[in-house]
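Reader: I have a model open on my screen and would like to learn how to read it. Could you walk me through some of its features?

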Amino acid sequence: MKLIKYIILGIIQGFTEPLPVSSSGHIFIFKYLFNSDISNDLSFEIIVNAGSLLAVCLIYRKRLVNLLYGFIIYLKDKNIRYKSSFKYSLYILVGCIPAGIIGFLLKDYIESVISMSFTIVGISFIITSIFLYLVRNIDNFRKELTFNDALYIGIVQTIALLPGISRSGSTLIAGLLCGLSKEESFDYSFMLYIPISFGTTILGIKDLINNDIEFLPYFLGFIFSFVVSFFTLKWFRNIVRNGKLIYFSIYCLLMGLFVLIFM
C-alpha cells in the first residue's frame with residue numbers, strides 16, 4: 001500500500017509541476033489525505049522534483065546546449081553571433097536571483113509554519129485562479145525578453161514559494177503581463193525552473209544522505225514523475241498556444257474552495 005502511495009505522489013508531481021496549478025499545493029494536500037509517515041518525507045519531494053527537472057531538461061536539451069555554448073563563446077571571444085545567447089543566459093540568472101534569496105532566507109519558516117496552513121494553501125489556489133483568469137485572453141506578439149522583464153518575472157516567481165501558488169503559472173502570467181508572446185513566456189518560465197529546481201535538488205542532497213530511505217519507492221516515484229512530467233509539459237505547451245488557460249483558472253478556483261471548505 002505504501003508503495004502505491006509513492007507512485008501516486010510521483011504521478012501527481014509529474015502532472016502538476018508543468019501545469020499552472022501548483023505541484024507543491026497538490027503534494028501537500030495528497031500527503032495529508034494519505035495520513036501516513038510519508039507526510040513528513042521531504043526527501044521524497046526532492047526525488048520527485050528531480051524527476052520533473054530531468055524531463056524539462058530533456059525537452060529543452062538543444063536550447064540548453066546552445067545557450068551554454070553561446071554563453072561561453074561570447075564570454076571568451078565576444079563573438080557577436082552569440083550575444084543573444086549570452087544575454088538570454090544572463091536573464092535566466094537574473095530571474096532566479098529573487099527566488100533564490102527569498103528561498104534561502106525563508107525556506108525553513110515556509111516549511112514549518114506557512115506550508116502547514118490549509119487556509120493559506122486554499123487562498124493561494126484562488127489567487128492563482130484569479131490571475132489565470134485575468135490573462136486568459138492576452139495574445140502578445142513582442143518576443144524579445146529584456147532585463148527589466150527578467151527581473152520582474154523573477155520577483156513574481158518568489159510568491160510561488162507558497163504552496164498553492166503555481167510557479168509555472170506565476171511566471172507565465174508575469175511574462176504575458178510584460179508583453180511577451182505566449183511562446184516566449186512559456187519557454188522563459190521553464191528556463192527559470194531548471195536552475196531553481198537544480199538548486200533545490202543540490203541543497204536537498206544533504207537530507208537524502210542523512211536519511212535512511214527506501215530505494216524502490218523513491219525510484220518508482222522518480223520514474224513516474226519523470227515520465228508524466230515529460231508528456232504533460234508537451235501537452236501544456238499546446239494548451240498555452242491555443243489560449244485555454246481559463247480551464248486551469250476554473251480548476252484552481254474549485255481546488256481552493258475545496259481546501260477552504262473541507263480541510
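Reader: Let's start with serine 22: is it buried or exposed?

Author: Buried means under 20% relative accessible area, exposed means over 50%, and partly exposed is in between, using a 1.4 Å probe and protein chains only. Serine 22 has a relative accessible area of 2%, so it is buried. Before we go on, note that this is a predicted model, where local features need pLDDT of at least 70, side-chain atom pairs count only at pLDDT 80 or more, and totals for chains, interfaces and linings use all residues. Residues are numbered from 1 along each chain as its sequence is written, and side-chain values use heavy atoms, leaving out hydrogens and water.

Reader: Where does serine 22 lie?

Author: Helices here are DSSP runs of H or I with at least four residues, and they are numbered from the N terminus. Serine 22 lies in the loop between H1 and helix H2 (23–34).

Reader: What should I look for in a phi angle?

Author: Most residues other than glycine have a negative phi. Serine 22 is not a glycine, yet its phi is positive, about 70 degrees. Lysine 78 is in the loop between H4 and helix H5 (83–112), and its relative accessibility of 51% counts as exposed.

Reader: How do I read a helix such as H4, and how many residues does it have?

Author: You can compare its reach with an expected span, which is 1.5 Å times one less than its number of residues. H4 covers residues 61–77, which is 17 residues, and reaches 24 Å from its first C-alpha to its last, close to the 24 Å expected.

Reader: Which residues of H4 are buried?

Author: They are Leu67, Gly70, Ile73 and Tyr74. These residues cover an arc of only 145 degrees around the axis, so they sit on the same side of H4. The arc is that of the directions from the helix axis to the C-beta atoms. On the other side of H4, the exposed residues are Val65, Leu68 and Lys76.

Reader: How are H1 and H10 arranged, and at what angle do they pack?

Author: Axes are lines fitted to C-alpha atoms, for helices over the stretch in contact, and angles run from 0 to 180 degrees between N-to-C directions. Angles under 35 degrees count as roughly parallel, over 145 as roughly antiparallel, 65 to 115 as roughly perpendicular and the rest as oblique. Helix H1 (residues 2–16) and helix H10 (residues 215–241) pack at about 25 degrees, with their axes 7 Å apart. That makes H1 roughly parallel to H10.

Reader: What about H7 and H8: how far apart are their axes?

Author: The axes of helix H7 (residues 147–157) and helix H8 (residues 167–177) are 9 Å apart, and the two pack at an angle of about 150 degrees. H7 and H8 are therefore roughly antiparallel to each other. Residues making the contact include Tyr152 and Ile153 of H7 and Ser170 and Ala174 of H8.

Technical notes
Contact means heavy atoms within 4.5 Å.
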